[in-house]
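Here's a quick tour for anyone meeting this structure for the first time. Have a look at the sequence and the model, then read on.

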Amino acid sequence: MTPEPPAFDLEALLRDERAEVERALQRACEWLGEELPDELLQPARHAVLSGGKRFRPILCVVAYRACGGATVPAVYDLSAAIELIHAYSLMHDDLPCMDDAALRRGQPTPHTLFGEAATARAGLALIPAASLWALRASDALGADDARSRKIVSQLNRAAGAGGMVGGQALDLLGEGKYLDSNALNRLHSMKTGALLTASLVIGGIAAAASDTTLAGLESFGRGIGLAFQVTDDILDATEIAADLGKHPSDGLLDKSTYVSLFGLDEAIARAREYAEEAAAALRGTGVDAPALIALASYVVKRKK
Ligand code: GRG
């Protein structure tokens, strides 16, 4: 009888990768401090170093390794560039002119500590910084110009009007309106899914993966992006702000959510389906990546 393979140690993966990502984010903040005045560095540091799951950088590093990349500090620097974009997006998302949120990751949001103007400016400073940091990391990884260009273009496309910014605009325009499942999927594929997908693809490009493999990572990213957002809505509807570490909830903001649209039970079933479809898409391209499959299950199992 063939013995069962040992269960994948997801906890250890998350713990070890987070620790490396934190170190890389410290390096990025030291570099930011070389040019950024203190008034902007403080809110930027708070946003970048205030914890969080670090899911995007972890996806990047794990995808890189799944595609044969050897673990070196520069890949964590590359992954940190993606987190700089994520940090800016949260800073701006929480501003009074957007979601007006006082709590994020269980901590006061940057604008409540450093003021709205400094937070808005510091967030903006992180956008070009992310591309420059990604370029430096690509160089350190030995990527040629064509690969570096692909990496930076993936990052900016995911962050831009066809991705996160466009999705956020749809989200703000949708407040107080009924959105059907197609509209919700489109919005969240752009707002959340694009950067998650880019994290995987950037990891793949950094490891010089083939186009077929990159396409597989992209399909996987699309699935886990949707699973991630449905789970976000489930947590938003079921967890109290203190446990979740953020406030206000989407219900308070009068947003359509997967839970308001389908009810809790169907939302839970859909999140699982999206995660399973993601894993199947990855297996279908022949990428043997138990760590990525484990991350797909984490997306729906997480409590924050
Ligand atoms: C110009 C319209 C316009 C927008 C500016 C602010 C902005 C761009 C975009 C914000 C989009 C946004 C908030 C996306 C993130 C969605 C999301 C799921 C955030 C939470 O991510 P987690 O759970 O957070 O990974 P942690 O705290 O773990 O890092």
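Helices here are DSSP runs of H or I with at least four residues, strands are runs of E with at least two, and both are numbered from the N terminus. Keep in mind that this is a predicted model, where local features need pLDDT of at least 70, side-chain atom pairs count only at pLDDT 80 or more, and totals for chains, interfaces and linings use all residues. Residues are numbered from 1 along each chain as its sequence is written, and side-chain values use heavy atoms, with hydrogens and water left out.

Let's start with Tyr 64, which sits in helix H3 (residues 55-66). Tyr 64 counts as buried because its relative accessibility is 6%; buried means under 20% relative accessible area, exposed over 50%, and partly exposed in between (1.4 Å probe, protein chains only). Setting aside neighbours within four places in sequence, Tyr 64 touches several residues, among them Val 72, Val 75, Leu 141 and Gly 203. Contact here means heavy atoms within 4.5 Å. From Tyr 64 to Ala 81 there are 17 residues in sequence and 15 Å in space, C-alpha to C-alpha.

Now for the ligand. There are 20 residues around it, with Lys 53, Arg 56, His 86, Asp 93 and Arg 105 the closest; a residue is near if one of its heavy atoms lies within 4 Å. The shell splits into 7 nonpolar, 7 polar and 6 charged residues.

| Side chain | Distance to a ligand oxygen |
|---|---|
| Arg 56 | 2.7 Å |
| His 86 | 2.8 Å |
| Arg 105 | 2.8 Å |

On its own the ligand has 750 Å² of accessible area, and the protein covers 87% of that (Shrake-Rupley method, 1.4 Å probe). Helices H4 (73-93), H8 (164-174), H9 (181-206) and H10 (211-238) each give two or more residues to the shell, and H4 has the largest share, with 6 residues.

How many disulfides does the structure hold? It has 0, a disulfide being a pair of cysteine sulfur atoms within 2.5 Å.

Key:
A polar contact is a pair of N or O atoms within 3.5 Å; within protein, one must be able to donate a hydrogen and the other to accept it, and residues adjacent in sequence count only if both atoms are side-chain atoms. Ala, Val, Leu, Ile, Met, Phe, Trp, Tyr, Cys and Pro count as nonpolar, Asp, Glu, Lys and Arg as charged, and the others, Gly among them, as polar.
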